[in-house]
Amino acid sequence: MSVPRRIVATTHQGPDGDAIGSSLALYRFLKKQGHDVSVVTPNDYPEFLQWLPSNADVVNYMRQKPLAEALIEKAEYIFHLDYNHLKRSADMARSLYQSKAVRVLIDHHLKPELPSKYIFSDTGVSSTCELLFHIMKQWDGGLIDRDIATCIYTGIMTDTGSFCYRSASAQTFAVAAGLMDYGIDRTGIYDRVYDNYSENRMRLMGYCLNEKMEIFPQYRAALISLRLEEQERYGFVAGDSEGFVNLPLSVKGIRFTAFFLEKEDKVKISFRSKGNFSVNDFSRKHFDGGGHLNAAGGDSKIPLDELIQQFRELLPLYERELNENDV
Ligand code: 5GP
Ligand code: MN
């Protein structure tokens with residue numbers, strides 16, 4: 001690409017560490033190449049990600065719509081990071097769809113369905129950040145610096161459950177080791193992401209575990225749900241329920257969990273599993289969602305109670321599958 005090009009880097013709604021980490025890493029990388037770059041997110045993301053280098057430059061479509069739309073309209077290139085379908089851009093999807101920019105997809109989700117001229121899709125990597133690291137290394141490796149490495153490490157760490165999930169391969173650890181050569185503050189990153197929650201969030205977590213966790217031993221499954229009024233009680237802000245879906249997996253024998261978060265206009269659903277039970281398949285089939293083998297999600301306009309009832313009724317259909325392949 002000759003310079004400067006007008007470029008927008010964007011990612012999925014409810015951006016997580018991998019989404020923001022990859023967007024900001026690419027932003028800094030392309031800026032160093034001399035391009036005119038912007039990061040545009042569809043909506044808010046958690047405070048525990050708002051310390052990343054260049055975070056202050058992020059444009060939030062939900063809050064800065066005219067600016068975001070102007071950037072998208074003028075863009076010559078749009079990078080889609082960490083998602084595989086335009087519908088995951090929420091209200092921003094229409095502007096993105098209308099754009100004439102050259103699209104570049106960099107992602108690690110199964111079945112990419114986002115038409116792009118250039119597609120870097122590898123479902124074998126732990127995270128978009130891991131894939132982006134390889135791309136940047138080959139493209140112009142000398143430009144990678146400590147700040148870029150910090151963004152990349154954050155994305156890998158958060159998408160692998162701190163390097164614990166099966167998606168973290170030997171290659172992932174090799175990349176992490178490579179990132180340490182840039183002098184990243186590994187423990188500082190962990191501290192800012194995981195030991196930086198509000199008192200409200202911790203109490204909400206306690207409430208979920210005490211009052212809201214339902215265990216279905218026969219199916220080795222569990223669910224947690226949170227209504228809007230319960231969220232309000234705990235002064236809920238974006239990101240406060242991050243990771244709650246994983247909590248029941250710490251119960252002996254549980255290998256499939258669901259978390260239902262009621263929002264104003266929909267319910268956000270998250271699924272997690274251990275072993276071979278594919279929550280990607282489950283989510284695609286029943287909740288119009290998707291994701292990965294052990295981590296997937298979706299959203300639904302169906303009222304929360306009905307949705308939970310649907311989930312309960314589906315469990316018996318998976319009894320055998322959930323009870324085989326012990327982990
Ligand atoms: P989370 O539960 O953390 O929101 O998402 C877990 C995984 O599922 C992520 O990899 C995410 O990209 C994917 N995912 C979450 N929500 C949706 C959705 O509505 N549609 C699809 N296709 N994937 C989702
Ligand atoms: Mn990811």
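Guide: Six strands form an open sheet in the order 3-2-1-4-5-6, paired in parallel. This is a predicted model, where local features need pLDDT of at least 70, side-chain atom pairs count only at pLDDT 80 or more, and totals for chains, interfaces and linings use all residues. Residues are numbered from 1 along each chain as its sequence is written, chains are lettered from A and ligands numbered from 1 in the order in which they are written, and side-chain values use heavy atoms, without hydrogens and water.

Visitor: What counts as a strand, and when do two strands pair?

Guide: Strands (E, at least two residues) and helices (H or I, at least four) are DSSP runs numbered from the N terminus. Two strands pair if DSSP finds at least two bridges between them.

Visitor: Which strands stand at the edges of the sheet?

Guide: Strand 3 (59–60) and strand 6 (118–121) do; each has a single partner strand, so one side of each lacks a neighbour in the sheet. Helix 4 (residues 128–140) packs on this sheet and touches strand 4 (77–81), strand 5 and strand 6. The direction of helix 4 makes about 120° with that of strand 5; axes are lines fitted to C-alpha atoms, for helices over the stretch in contact, and angles run from 0 to 180 degrees between N-to-C directions. Strand 5 (residues 102–107) pairs with strand 6 in the parallel sense over 4 bridges, and Ile106 stands opposite Phe120 in strand 6.

Visitor: How should I read a nonpolar core?

Guide: In soluble globular proteins, nonpolar side chains tend to be buried together. A core here is a set of buried Ala, Val, Leu, Ile, Met, Phe, Trp, Tyr and Cys residues joined through side-chain atoms within 4.5 Å. Buried means under 20% relative accessible area, exposed over 50%, and partly exposed in between (1.4 Å probe, protein chains only). The largest core has 44 residues, and Ile106 is among those with the most contacts inside it. Apart from that core lies another, of 23 residues, including Phe277 and Tyr318.

Visitor: Which residues are closest to ligand 1?

Guide: Of the 14 residues around ligand 1, the closest are Arg88, His109, Ser270, Arg272 and His292; a heavy atom within 4 Å counts as near. A polar side-chain atom of Arg272 lies 2.8 Å from an oxygen atom of ligand 1.

Visitor: Is strand 10 mostly covered or uncovered?

Guide: Strand 10 (residues 267–273) is mostly covered, with 6 of its 7 residues buried. Its antiparallel pairing with strand 9 (residues 256–262) runs over 7 bridges, with Ser270 as the bridge partner of Phe259.

Conventions:
Contact = heavy atoms within 4.5 Å. Polar contact = N/O pair within 3.5 Å; in protein donor to acceptor, adjacent residues only side chain to side chain.
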